[in-house]
Amino acid sequence: MEAFIKTNETYLLSDLCVKASFGDGIAKIPIAADGKHFISDICEEEFSEKSNLNKHFLCHMKQKLHSCNICSKEFSQKSHLNEHYRIHTNVKPYSCIVCQKEFSHKCSLNVHYRTHTNEKPYSCDVCLKEFSRTSHLNEHYRTHTNEKPYSCHVCHKEFSQKGSLHVHYRTHTKERPYSCDVCHKEFSHKSHLNDHYRNHTNEKPYPCDVCHKEFSQKGKLNVHYRTHTNEKPYSCDVCGKAFYQKSNLNVHYRTHTKEKPYS
């Protein structure tokens, strides 16, 4: 049996009571065989009894009576304070029976299992794309709404995901936490490091389906396609000349500005 939950509506199904809180999306949640499966719509933690779920909701309310004596973070329940301490002690008592990865919280382990089962119980009601976590669905909705709630306090550029903002900050701090273990070149993005590794391995996993030329990066393949389509998306606002690549446009601008950066 399955339950379907929708924003601001509560459906009761086989003793299940859940309430959705993400956009207007509809999520599909599998129910345990005994018919009792209670899931927090805020953090996805699961409970076998409704009373435990109701008690759990207190942790998301403002009343917080228990505080951590290390970092002073406050909690509504002492059990959550005890779980929090594992962040400081690095204790991870819950391990995956498939890959042995360890977790400090049982709910994190439950969500992790979906990477093995490929279970994606949350789907977008706009494009039907499916997700394993509600947080990922929430982030995805912003691709449809163009909502960008995270802004850089330095340059005010806006982002739809908090992770993208954190990565962007490195353009200001010049932080490059990912380094190549072959040549020690450093990168601000892990994906850029992965692309760079192919310079050493000579791996070229992206072939052109027109001429079969191979590329180490998908972006280079996309630029190459323009030689077949004759698409030139970058045009000079002075003379109107168009180019396949933005870098070529930047070089061209110097013919108008008379700039000679390499002289």
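Helix α3 gives the most to the lining of the second largest pocket, with 3 residues. A pocket here is an open set of points on a 1 Å grid over the protein atoms alone, where a 1.4 Å probe fits and protein lies on both sides within 12 Å along at least five of seven lines; lining residues have an atom within 4 Å of a point. Helices (H or I, at least four residues) and strands (E, at least two) are DSSP runs, numbered from the N terminus.

Keep in mind that this is a predicted model, where local features need pLDDT of at least 70, side-chain atom pairs count only at pLDDT 80 or more, and totals for chains, interfaces and linings use all residues. Residues are numbered from 1 along each chain as its sequence is written, and side-chain values use heavy atoms, with hydrogens and water left out.

Back to that pocket. About 180 Å³ of space lies in it, a volume being the space filled by probe spheres set on the points, which are joined across faces, edges and corners. Among the residues lining the second largest pocket are Glu 45, Phe 47, Arg 86 and His 105. Besides α3 (106–112), β6 (46–47) and α2 (78–89) each give two or more residues to this lining. Sort the lining by type and you get 3 nonpolar, 2 polar and 5 charged residues.

Now look at helix α7, which runs over residues 190–201. Its buried residues (under 20% relative accessible area, with a 1.4 Å probe and protein chains only) are Leu 193, Asp 195, His 196 and Arg 198. What covers them includes β15 (178–179), β16 (186–187) and β17 (206–207). Just after α7 comes Asn 202, with a positive phi of about 60 degrees.

Next up is helix α8 (residues 218–229). In α8, Leu 221, His 224 and Arg 226 are buried, and they pack against β17, β18 (214–215) and β19 (234–235). Asn 230 follows α8, and its phi is positive, near 65 degrees.

Zooming out, the protein chain has 9 helices and 20 strands, and 27% of its 263 residues are buried. The mean pLDDT (the predictor's confidence in each residue, from 0 to 100) is 80 for the chain. Over residues 1–36, though, pLDDT stays under 50.

Methods: Contact = heavy atoms within 4.5 Å. Nonpolar A, V, L, I, M, F, W, Y, C, P; charged D, E, K, R; others polar. Expected span 1.5 Å × (residues − 1). Buried < 20%, exposed > 50% of the residue type's maximum accessible area, 1.4 Å probe, protein only.
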